[in-house]
Amino acid sequence: MKPATIMVVEDNPIALKMVHVALSCEGYTALEAPDGQTAVDLAERTMPDLILLDLRLPDMTGYDVAARIRNLPGGQETPILAFSGILSRTEKARLNVAGFSDFLEKPVEPSRLIQVISRFLPERAQPADKPGKGRRVLLADDDAIQRKFLSFSLTQLGFHVTTAEDGAE
């Protein structure tokens, strides 16, 4: 079974990197679109299996992007998950009307991201054994974002990860 393709429409490079790493660690193919027009162009060429869509983009709103993608062949069946900061009740209600399948609030933990995405994709066969199974690793990194990325990646490989902020710790 080929890995699911997920389009990430996000203009923040740090958020985009975090999502890309999380998806790649799980074996998904990640397509990146930094703006709405790029997302629509990608979807016209090849409709992904799922779209993770920021609501605030530099060239158009996520609502506009979702509407344009929904009008493409295969666009009605593709799950589109809104990916944004805190929304009001009115905005959340608007998501359903606009055709979004679900909402993820930023920032999102990688494990939560994978959990929500997996609800919208067919079951995948899990590898029989992971290379880190039964092994422990101590990860020391003074960069909190890198520490989180690496910890998540190693955990997905089966390692039991303990983290530290620096060498002294």
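Reader: What share of the contacts in the chain between residues at least 6 apart in sequence join residues at least 24 apart, and what makes a contact?

Author: A contact means heavy atoms within 4.5 Å, and among the contacts between residues at least 6 apart in sequence, 64% join residues at least 24 apart. This is a predicted model, in which local features need pLDDT of at least 70 and side-chain atom pairs count only at pLDDT 80 or more, while totals for chains, interfaces and linings use all residues. Residues are numbered from 1 along each chain as its sequence is written, and side-chain values use heavy atoms, with hydrogens and water left out.

Reader: Why does the radius of gyration agree with a compact globule?

Author: The radius is taken over C-alpha atoms, and the globule rule is 2.2 Å times the number of residues to the power 0.38; for 169 residues a compact globule would have a value near 15 Å, and the chain, with 17 Å, agrees with that. Its C-alpha atoms fill a box of roughly 50 × 35 × 25 Å along the principal axes.

Reader: What makes a residue count as buried, and what percentage of the chain does so?

Author: Buried means under 20% relative accessible area, exposed over 50%, and partly exposed in between, with a 1.4 Å probe and protein chains only; 41% of the 169 residues count as buried.

Reader: Where is Pro107 placed, and which peptide bond joins Lys106 to Pro107?

Author: Helices (H or I, at least four residues) and strands (E, at least two) are DSSP runs, numbered from the N terminus, and Pro107 lies in the loop between strand 5 (102-105) and helix 5 (110-118). The bond between Lys106 and Pro107 is cis, with omega about -10°.
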